[in-house]
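Hi everyone, thanks for coming along. I'd like to walk you through one model this morning, so let me put it on the screen.

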Amino acid sequence: MFWKLIRWPVVLAALIPAAGLWAEESPAPTLQSAWKEAASLLVNDSNRSFNQVQAGNPQEERELAYGQAATLINVQPKTNSNMDRAKEMLNRVIAGGDSDDLTVSSRYLLARIAQVHQLPPDDGEAIRLYSDLINKHPDHVLAQQALVKRANLQFFSTESKTPLQDRYALLLKEAGLVTEAEARRDYQMLAFVAGQRLNRPARELLGHLIQVEATGVVRDRALADLYVRLGEFANLAGEKKMAIHYYQTFLNGFVRDTRRLIVREKLAELGANPEAAQSQDSNRKIKP
Amino acid sequence: MNWDREKILNSIGFTLLGACFAYSLFNVATRTAREQDEEVVSIRFAHWQLEAGIRTAFDAVANEYMKLHPNVRVEQILIPERVYPTWLTTRLVGQNPPDLVLLGIGMSDERLARYFVPLTSEVAKPNPYNKGTDLEQVAWRDTFVDGLVTSPGIVNLFDYYGVPNSVSTIRLFYNKPLYQKITGKTQPPRNYEELQGVFKAVQEYSKDLPDKQKVLAVAGSKYNSPILMDRLFASQTQKLTLALDRSNVLRVPTNPQIAFFDGLLDPRDPAMISALRLTRELGQNMQTGFISLAREDATFYFAQERALMITSGSFDLASLVQESDFEVGVAPIPLPDPQDPQFGEYVLGQTSEAETGTNVPFGLAQDSKHPEIALDFLKFMTSQPSNRLFSHTSTWLPSVVGVEVPEVVEPFEPIQEGYPGGIMLRSSGGSEVVRIYDNAFYSLVSKDGSVEKFMDLFLPQYPQAMLRDGKLALKNSLRNVGRHDTTLSALKALAVRGDDTAETKALRLAEIQARQETDYYQRRYAIWSYEQRMQKEKQ
C-alpha cells in the first residue's frame, strides 16, 4: 500500500536528474546578449540576464548596474519598489564615474523615472533632475533631449499658474539652447504644437515646421504629414510658391496616400499644375 | 445472434473509432517515414485562411516549388481561426512550430521577437525568384505594393518579420439575376441615391410576398453590417474632419479625443446627425436583430436569396460564389455624391483606398528545423510568378508589384482616386464610447427607433465615456512612452558596441517617443482644461 502511494513520486524524482542530463545548457548571458534581449522588448528576460552576467572590471560593473536599472524600470509588473532599486543602482553608477556616458545616461534615466515610471509621476522632480543634467552636461545628446522633455513638462503643466502665453514665450526663448539636430527637430515640433494651441499666426507656425524639416524627419508617415502641414501653413501664410513646393514634394514622395487628390486640388487652386506631380502618380502595378 | 439497437450502435462507434485510429496511425507512420527519409526535407506552413480557393492556391504554389526542388516536400497546415492562437502558442512554446507561420491573430511584438526571425537583412536584397522579371534588381521589400510598411514588427521592433501574399478591400456583393428582376437594371448602384432606389424596389418587390419569400435589401450581421455602416458614416464626416483638424494634416487626427476636450468635436454636429440618419436607413434594410447575427448567418441569407446584397471583403469572393447558385456581382460601396440631395452636404467625394495595406504575412519561426529552405520557399511564394499563380487560383488580390489582377478580381482593386474618410462617432473615444454606442445602437436601427431616441440614450453618457477613455488612453500612452526608455538604452548600448542598425533604430525610436510624449502632455492638458471648465459650469 505504502509503495503504491509513493511509487510515482519516486519514479518522477528519479527522472528529474536524468532529464537534467539531456537538457541543453544555454550559454551564459553577456552584456551584449542582455542588451539584445532588451532591444527586442524581452525586458523581463533581459533583466534576468543582467542579473546573471559576471562583470570583468569596474567599468563593466557600472554598465551592468545601468543595464539592470534600465530594464528594471520596465519589468512587469511595474512597482515603485523596483523604481527605488533602479534609482539606487543609477546613483551607484553616477558615484563611480566622472562625466562619462554612463553617468549622463544614469542622470537622464533618473529623470525619466520621476517623469514617466514611478507612480504617480513627479513632474516637479523630473524638471529638477532634467535641469541638473542640462546644467552639468549642456552639450551631451541626452541633455539636449532633456531640454525637449523639460519644455513639454513646463508648457503643458497642469500645476503652473503661469499663463500659457508666457510659457510659450519661455519655450521660444530656450530654443536657442537646443543645438543638437534631433533634439532641435523635436523641440520645434513641440513649439509648433504649443503655438497651435495658442492660435499663433500661420507664418510663425510655418517657421517651426521649416526648422523641423531642416533637421530631417526619419519616419515616412511623419514626413508625409510634415509636407502636408508645410503646404497648408505656407498656403495660409500667403507663401504661394512655398506651398506649391511642399504640396509637390508630398505628391512626388508619397504615392500611396489618401490625401493625394485633396492636395492636387489645392495645387490647382493655387494655379499650379497638379499634373506635374500627377505624372509621378503610381498605380499599384508600377511601383510601390 | 440477437443484436439490439445499443449493440449495433456500439459496434458502429467502435468500428469508426478503429478506422480513425488506423488512419491516424497510417498518417503518423508515413509522416515519420517521410521525415526519416534523409533525401527529402519537409517544411510546413500554417495558416487559418479556410476560405474557398486558398488551400488550392497555396498547394499550387507549393507544387511549383517542389517541381524545382524535388528533395523538398512542402505541406500546409490549416487550423481554424478560433483555435489558431492556442494551437500556435503550444507549438511555439513546445519548440515545435511549423517552419512558416501566418502572423496576425494572437501575435504580439514580444512573441515576434522571441519566436520569429527578423527578415530585415533579407528583404533588403533582391528576391532570386524574381529573376527574369521587371523586379529582378528590386529589393524584396520593394516588390510588395505597400513596400512592407504594414509588415508585422515594423512599428515597434523596427524589423520586418513577415512578408505578405495578398491585399483585401471591402465591396458590395449582389445577386445579379435577382437584382435585374427586382430593379430592372443590370448596372449595380453607383452612388447612395441609387442604392436608396434599390432599397425602395426591394420593399416594393417584397410587399405582397408571403413572409418566407420576402427579400431583404442587405444581409446584415455583427461582422458584415459595421463594415458597410462605417464606410457610409465616414462619408458624412469628411468635411467635418477637415474642420476639426487644427494641425492641418488633412485627415482624421491621430488623437480625435483632443478635439472633443478642446470643445471642437460635438456629436450633435449636423454632419454626425446626418451620418446617424444614414446608418438608421441602412439598418432598416437589413434583417431584424442583424447585429446579434453571425457572419455565417448573413452569408446564408444571401446564398439562400433572402437578401439581395451583402458587404464583405475580397477574400470572401470565392466562398460566396461557391455557396450561391446564382451569378454574384461585385461593386464598390455606393457612397453619397456631394450632389446627393439628402446626404451630399457633408461629403467631399469617393473615399480613397490608396493606403490599403498588404495581408496574409508569413513569418519564419526561430525553431524551424530547416530555416534556409523555409526562407527560400518564402521567397519563392512571394515572387512575382508565384504571387500571380496564387492570385489567379485563389481570386485574391495580389500583393506583389506587376502582377496582373485577374479579371474576376478587378472590381476589388483599391480605389486610388478619392478623399480620406471622416471621423466616426463610435470610434471617437475608446472602449467606453464603443460600449455606450453599441448599447444605444438598437434604438437607432430598430423599427420603432430613431436618431432622437439614440441620442437620448447616447448623448448624456458621452462626455463621461470620453473622459474615462481619455484617462485610460493617457495611462496607456505613458506606459508606451516609458517602455521605449529601456529599448532606447539598449539600442544605444548596442550602437556603442558597433551595431549600425541599432543606431538607426534608436534614431527612429527617439523620434517616435518625442512625438508620443508631446501628444501625451497635450492630451493631459486638454483633459485637465476640460475638467476645469466642467467644474466651473457646475458652480
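Predicted model: local features only at pLDDT ≥ 70, side-chain atom pairs only at ≥ 80, totals over all residues.

What does its secondary structure come to? Chain A has 288 residues, and 44% of them count as buried. If you take the contacts in chain A between residues at least 6 apart in sequence, 49% of those join residues at least 24 apart.

Let me zoom in on one helix pair. Helix α11 of chain A covers residues 202-215 and helix α12 of chain A covers residues 220-236; their axes come within 9 Å and cross at roughly 150°. How are α11(A) and α12(A) oriented to each other? An angle over 145 degrees counts as roughly antiparallel, and α11(A) and α12(A) are therefore roughly antiparallel to each other. Their crossing is left-handed. On the α11(A) side, the contact is made by A202(A), L205(A), L206(A), L209(A), V212(A) and E213(A). Facing them from α12(A) are L226(A), R229(A), L230(A), F233(A), A234(A) and L236(A). Sorted by class, this contact has ten nonpolar residues, no polar ones and two charged ones.

Before we leave chain A, have a look at two prolines. The peptide bond from Q76(A) to P77(A) is cis, with omega near -5°. You'll find P77(A) in the loop between α4 (58-72) and α5 (80-95) of chain A. The other one is the bond from L119(A) to P120(A), which is also cis, with omega near -10°. P120(A) sits in the loop between α6 (101-117) and α7 (123-136) of chain A.

Now over to chain B. Here the domain assignment gives domain 1 (29-166 + 357-394), domain 2 (170-352 + 419-428) and domain 3 (462-529). The C-alpha centres of domain 1 of chain B and domain 2 of chain B lie 35 Å apart. How many residues make the contact between them? Four come from domain 1 of chain B and five from domain 2 of chain B. The residues on the domain 1 side are one nonpolar, two polar and one charged.

Next, helix α8 of chain B, residues 224-236. Its buried residues are N224(B), S225(B), L228(B), M229(B), L232(B), F233(B), A234(B), S235(B) and Q236(B). And what covers them? The cover includes the strands β6 (216-219) and β7 (307-313) of chain B, along with the helices α9 (238-244), α11 (270-284) and α12 (295-303) of chain B.

L148(B) is not a glycine, yet it has a positive phi of about 65°. It lies in the loop between α5 (120-123) and β4 (166-167) of chain B. V360(B), also not a glycine, has a positive phi of about 55°, and is found in the loop between β9 (358-359) and β10 (362-364) of chain B. Are these residues buried or exposed? L148(B) is buried because 26 other C-beta atoms lie within 10 Å, and V360(B) is buried because it has 24 within 10 Å.

H484(B) lies in α18 of chain B and is buried, with 22 other C-beta atoms within 10 Å. Leaving aside neighbours within four places in sequence, H484(B) is in contact with L509(B) and Q513(B). K536(B), by contrast, is in α19 of chain B and is exposed, with 8 other C-beta atoms within 10 Å.

That brings us to the two chains together. 57 residues of chain B are in contact with 49 residues of chain A. On the chain B side, α4 (109-115), α18 (462-496) and α19 (500-538) each supply at least two residues. Which element gives the largest share? That is α19(B), with 15 residues. By class, the side of chain B that touches chain A has 26 nonpolar, 14 polar and 17 charged residues.

That's my tour, and I'm happy to go back to any part of it.

Definitions and conventions:
Residues numbered from 1 in each chain as written. Chains lettered and ligands numbered in written order. Contact = placed C-beta atoms within 7 Å. Helix = DSSP H or I, 4+ residues; strand = E, 2+ residues; numbered from the N terminus. Nonpolar A, V, L, I, M, F, W, Y, C, P; charged D, E, K, R; others polar. Axes fitted to C-alpha atoms, helices over the stretch in contact; angles between N-to-C directions. Parallel < 35°, antiparallel > 145°, perpendicular 65-115°, else oblique. Left-handed = near helix turned anticlockwise from the far one by under 90°. Buried ≥ 20, exposed ≤ 12 C-beta atoms within 10 Å, placed from the backbone. Domains from an automatic or database assignment.
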